[in-house]
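Student: I'd like to go through the side-chain contacts in this one with you. Can we start with the aromatics and then move on to the charges?

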Amino acid sequence: LSLDEPLAAWQGKRWAFVWLGQGRWGMAATTALLPTTVIPTVPTVLGVTALAAALYLYATRVLGVREWPATLAVCVAVAHPVLAFSYSFSIISVGIGLGALAVWGFAQALTSMPTWKGAAVAAMVGGFAIGTYESHAVNLVLAIVGVLLFRFDLRWMWRAIVGLLASCLIYVAGRSLGRLALNSEDAYIESFFKEVGGPVGAANRAFSVFAITADTFLVTAPAVWAFLAVSLTAALWRVVRLRSLRSGALLAVVILTPIAVFIASPAAPLRSMLFVPWVWLIVCCWAFGNVSDWRRPGALALAALTLLAAVSHASVANRMFVGGRIAFDNDRAIAHEIERARVSFAPDQTVPVVVSAGAFRRPNSTVAPTVETLGISMYAAEPFRAASFLQAIGVGVTVPRNAQVEASRPRLESMPTYPQPGWIAYEEGVLL
C-alpha cells in the first residue's frame with residue numbers, strides 16, 4: 001500500500017472529488033465509473049497490461065514496426081523500475097493504463113484518419129490522457145515525434161500539432177471547470193514547477209534514470225548499461241546510414257526530452273516519469289525495428305541482451321516493491337501494539353490518535369532500502385495519513401482534528417521513541 005490507499009479506502013467514490021480538485025478530471029472520471037481500486041494486484045495488473053498494450057499497438061500499428069522487435073522493445077519499456085513508483089499507488093494504476101491507451105489512441109486517430117476529423121478525435125482522446133496524469137502530455141509529444149521519425153509528413157505534422165494544442169486546451173478547460181466547481185485551490189501539481197534546473201544536473205538525472213545507477217535506485221544493472229549503449233549506437237548508426245539530418249534531429253528530440261523535463265521540473269518524483277517507457281520504446285524500435293531475420297547470430301545476441309535488460313529492469317522494480325512490503329509489515333506489527341495500548345486506555349470507544357513521525361524511525365532494510373515513497377513508513381507522513389492507515393487495518397482510532405494535533409505536539413516531542421517505555425500515552429482523550 002502507498003500513503004494514499006488508506007485515505008481513498010474511506011473516501012470511496014468521494015475520492016473522485018480529490019482528483020477533480022487537483023485538476024485530474026480523467027482520473028476523477030475513472031474513479032467514479034470503476035470500483036474503488038485501493039488494494040494492490042488487480043489494479044496493478046490492469047494498469048501494466050494497458051500500458052503494455054498501448055506501447056505494442058503504438059509500435060506495430062502506428063510506427064509499423066514488426067512484431068518481434070516491437071515485443072522486445074515493449075518488454076524493456078514496460079518493466080522499467082520507475083513504473084514501480086507509479087503503479088505502487090493502486091488508486092491511479094488503472095487510470096495511468098487508460099491514459100497510456102489514450103496516448104496510443106491519439107496517435108492512431110491522427111495516422112488512420114488523415115483529415116481534420118482525425119485531429120478532433122485525437123484532441124479529445126489526448127485531453128483525457130493528460131487528465132489522468134499530467135506526464136502524459138510529454139507522451140503525446142513523443143508519440144508525434146516518433147511518427148515523424150519513422151515517416152516524415154509536413155502536412156501531418158501541422159495537423160498533429162493542432163491536435164496536441166487542442167488536447168492541452170481540453171485538459172485545461174476540464175481542469176479549470178472542475179476546480180472552479182469545487183472552489184479548489186489545490187496547488188499540488190504546481191509545486192513541482194517552482195524552480196528551473198540546470199542542463200548538467202538534468203542530464204545527470206536522466207542518465208541515472210535510464211542507466212539504472214545507484215544514485216537513484218541504490219543498485220546498478222550492468223546489462224542495462226550494455227543495452228543502453230548498444231541501442232543508442234544502433235539508433236545513431238541508422239541515422240548515419242540514412243544520411244538524414246532530419247532523422248538525426250528527431251531522434252535527438254526523443255533522447256533529449258527527459259533532460260528538458262528535468263530542467264522544467266528538477267523536483268519531478270520518480271512516480272511521475274511516465275515518459276520513460278515511451279522514450280525506450282521509440283529508441284529501441286528505431287534502432288532494431290528494421291531487423292527482419294531474428295535467426296541470425298547477431299540478432300539472437302541482441303534479443304538475449306534485450307531480455308537481460310528487461311529482467312534487470314523487473315528485478316530492480318521488484319526490489320522497490322519488497323521495500324514497500326517490508327515497511328508495511330513493520331507498520332502493521334506496531335499497529336497491533338497501538339491497538340493493545342488503546343484497549344487498555346479506552347476499551348469501549350474509538351479515540352483520536354496523533355502519531356509523530358520521528359517516533360518510528362528505523363534503519364533501512366538491507367534487502368530493500370527506502371527510495372522515495374517505496375519503503376516509507378505509513379507513520380512518516382502527516383498525522384491524518386497515519387490515523388487513516390490504522391483505521392484501514394482495524395485499529396480503534398479516529399482521525400484527529402487539527403486543534404488536537406497542534407495541542408499534542410509539545411507532549412509528543414518530550415516522549416521517548418518506540419520501543420522505549422512511555423512511547424505511547426493517552427491524554428485528554430487523545431492517543432499519542
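Student: Which residues form one aromatic cluster?
Tutor: Keeping in mind that this is a predicted model, the cluster is made up of Phe210, Phe227, Trp280 and Phe288.

Student: And how many aromatic pairs does a search of the whole structure find?
Tutor: The search finds 12 aromatic pairs. One of them is Trp15 with Trp19, an edge-to-face pair with 6.3 Å from centre to centre and 90 degrees between the planes. Both of these tryptophans belong to helix H2 (residues 15–22), where they are four residues apart, or about one turn of the helix.

Student: Is Trp19 buried or exposed?
Tutor: Trp19 is buried, with a relative accessible area of 4%, and Trp15 is buried as well, at 8%.

Student: Why is the pair of Tyr58 and Trp278 edge-to-face?
Tutor: The ring centres of Tyr58 and Trp278 lie 5.5 Å apart and their planes meet at 70 degrees, so the pair counts as edge-to-face, given that the label applies to planes over 60 degrees apart. Tyr58 is in helix H4 (residues 42–62) and Trp278 is in helix H15 (residues 276–288), so this pair ties together parts that are 220 residues apart in sequence. Both residues are buried.

Student: What sits over the ring of Tyr133?
Tutor: That is the charged end of Arg24, placed 4.3 Å from the centre of the Tyr133 ring. In another contact of this kind, Arg205 lies over the face of Phe262, at 5.1 Å from the ring centre.

Student: Switching to salt bridges, how many does the structure hold?
Tutor: It holds seven salt bridges. Among them is Asp329 with Arg332, at 3.2 Å from N to O, and these two are three residues apart in helix H16 (residues 297–345), which separates them by about one helical turn. Glu339 and Arg342 form a salt bridge too, with their closest N and O atoms 2.6 Å apart, and they are likewise three residues apart in helix H16.

Student: Where do Glu427 and Arg411 lie?
Tutor: The side chains of Glu427 and Arg411 meet in a salt bridge at 2.5 Å, N to O. Glu427 is in strand E3 (residues 426–427) and Arg411 is in helix H18 (residues 402–414), so the pair ties together parts that are 16 residues apart in sequence. Glu427 counts as partly exposed at 31% relative accessibility, and Arg411 is also partly exposed, with a relative accessible area of 31%.

Student: Which residues do salt bridges that share partners join into one network?
Tutor: The network consists of Arg325, Asp329 and Arg332.

Methods:
Residues numbered from 1 in each chain as written. Predicted model: local features only at pLDDT ≥ 70, side-chain atom pairs only at ≥ 80, totals over all residues. Heavy atoms only, no water. Phe/Tyr/Trp six-rings, centres within 6.5 Å; stacked < 30°, edge-to-face > 60°. Buried < 20%, exposed > 50% of the residue type's maximum accessible area, 1.4 Å probe, protein only. Lys NZ or Arg CZ within 6 Å of the ring centre and 35° of its normal. Salt bridge = Lys/Arg side-chain N within 4 Å of Asp/Glu carboxyl O.
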